[in-house]
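Student: Could you take me through one part of this structure slowly? I would like a close look at the backbone in the loops.

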Amino acid sequence: MAAPYTPRQRMASPTPPPGLLRALDAKDVALLTIGGILGSAIFIAAADVPRAVPHPALVLLLWIAGGLVTIAGALTYAELGAMFPRAGGQYQYLKEAYGPLWGFLFGWAAFLVVMSGGIASLAVGFGQYLGSFVPFFSSTNVLAAVGGWRMTGGQVAAALAIAGLTAINYVGVREGTVVQNVVTVAKLGTLFAIIGVGLVMPSPVRTEWMPALPAAAGASTFGVGMIAVFWSYDGWYNATFSAGETRDPERNLPRGLIVGAIATTVLYTLVNVVYFRVLPMDAITASPRVGEAAGVALFGAAGGRLIAAAVVVSIFGCLSATILACARIYLPMAEDGVFFPALARIHPTYRTPGACLLAQGAWAIVLTFSGTYEQLYTYVVFAAFVFHVATALAVIHLRRTRPEAPRPYRTWGYPWVPIVFAAASLAFVVNTLIERPMESLIGLGLVALGLPAYAWWRRAR
């Protein structure tokens, strides 16, 4: 592998180094947005909301509210993405608004745990579901054990999925996008089938949409339900990391983000309507896999297996979207001299951040086999939403400090839309700090470890 170009070499070289290939259009951005959101949550975690709030109408209201917050986030990030249409997303926005340290701390947390841990978590979930079809890949199939460490078939499936998708994205953004789009369309087809049949067929249960709330219901129960909703919508911002490979990003990035967020909100709401039409409340709250239970009610005994297969495809698609987008965070960090210099290289033939993809994939696989990704991910959930608050407020900050800067797209409903998104994210931060103070403080500590790393890279540069 050739050595990366340093900033000085970029200036001195008579032939400019290869750049990223702008190959994504608005459709690709929309499908990347949808693919980054639609994983296993709507088939599994959707039951967490009615467990917290056993009231169908209020559950639907929470899903709509979560969708509106997501749309507000997409509208907010769209202005920043159009202003800074470069690879990196939040790294670029925080750097431009508050200085390079803030951008670095986001990228540091993303590589250390947030994005890499998310990739590991998705891959292990993929392996667990794949194991129900291919027993070798079952998470109960222990292939090796040393002391307290075990290697299971599910972990092997997870590692193979990460490696395979990393390889596809390594050889071209177009190749990675084609795989991503095909898988996303396939899982959209499954959701359309569930919604179409579920809304047309006579309801086999008598749903009471407005029952009396339990006496113990309060603000905390709604907060618990909202946490599950927020995490089901997570990943909507992934497409912003690929702004450097989007054609006409000033127009296509906002369109794709907003369309993807709106489409997912509608899909999530309608799927939950179907769940309540075909399953009684006690069956929904008791089911560990509500999607499969609904599949049996809709399509018979084979329906559960069909939905299980759809979950495998859905998680695979979400994993594909995450691997494709998140590797773009680390390229500008390395180019700015605040990350591993080897990651600054763009592949001269494939025009992809190949070194970033390989580093991200290798670290995610390490987390997969270590078995610590879930604990680490819990720690940095708090920090991840702190960065959301800072990014939302960056729109307001930049409007004040750079009023003359070109803004091809301006956030609709400014300043209220960014404020609503920032307030919702802040509420999540406060709730997490209250409910899980130790995990939140450890998460901040992991982010703070980036301070000496930043100082070291700055000094080395």
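Tutor: Let's start with aspartate 248, which counts as partly exposed in this predicted model, because its relative accessibility is 36%, a value between the 20% limit for buried and the 50% limit for exposed. Aspartate 248 sits in the loop between helix H9 (219–233) and helix H10 (249–278). Now look at its backbone: phi is positive, about 45 degrees, although this residue is not a glycine. To see what to compare that with, keep in mind that most residues other than glycine have a negative phi.

Arginine 351 is another residue to look at here. It is not a glycine either, and its phi is also positive, near 60 degrees. You will find arginine 351 in the loop between helix H14 (330–335) and helix H15 (354–370). With a relative accessible area of 29%, arginine 351 is partly exposed.

As a general rule, most peptide bonds are trans. Tyrosine 414 and proline 415, however, are joined by a cis peptide bond, with omega about 0 degrees. Proline 415 belongs to the loop between helix H16 (373–401) and helix H17 (416–435).

For a contrast in topic, turn to the largest nonpolar core, which has 143 residues. Helix H6 (residues 100–130) supplies the largest share of this core, 17 residues. Among the members that touch the most others are Phe104 and Met115. Beyond its neighbours within four places in sequence, methionine 115 has contacts that include Phe106, Tyr237, Phe241 and Ile329.

Methods: Residues are numbered from 1 along each chain as its sequence is written. This is a predicted model: local features need pLDDT of at least 70, side-chain atom pairs count only at pLDDT 80 or more; totals for chains, interfaces and linings use all residues. Side-chain values use heavy atoms; hydrogens and water are left out. A nonpolar core is a set of buried Ala, Val, Leu, Ile, Met, Phe, Trp, Tyr and Cys residues joined through side-chain atoms within 4.5 Å. Buried means under 20% relative accessible area, exposed over 50%, partly exposed in between (1.4 Å probe, protein chains only). Helices (H or I, at least four residues) and strands (E, at least two) are DSSP runs, numbered from the N terminus. Contact means heavy atoms within 4.5 Å.
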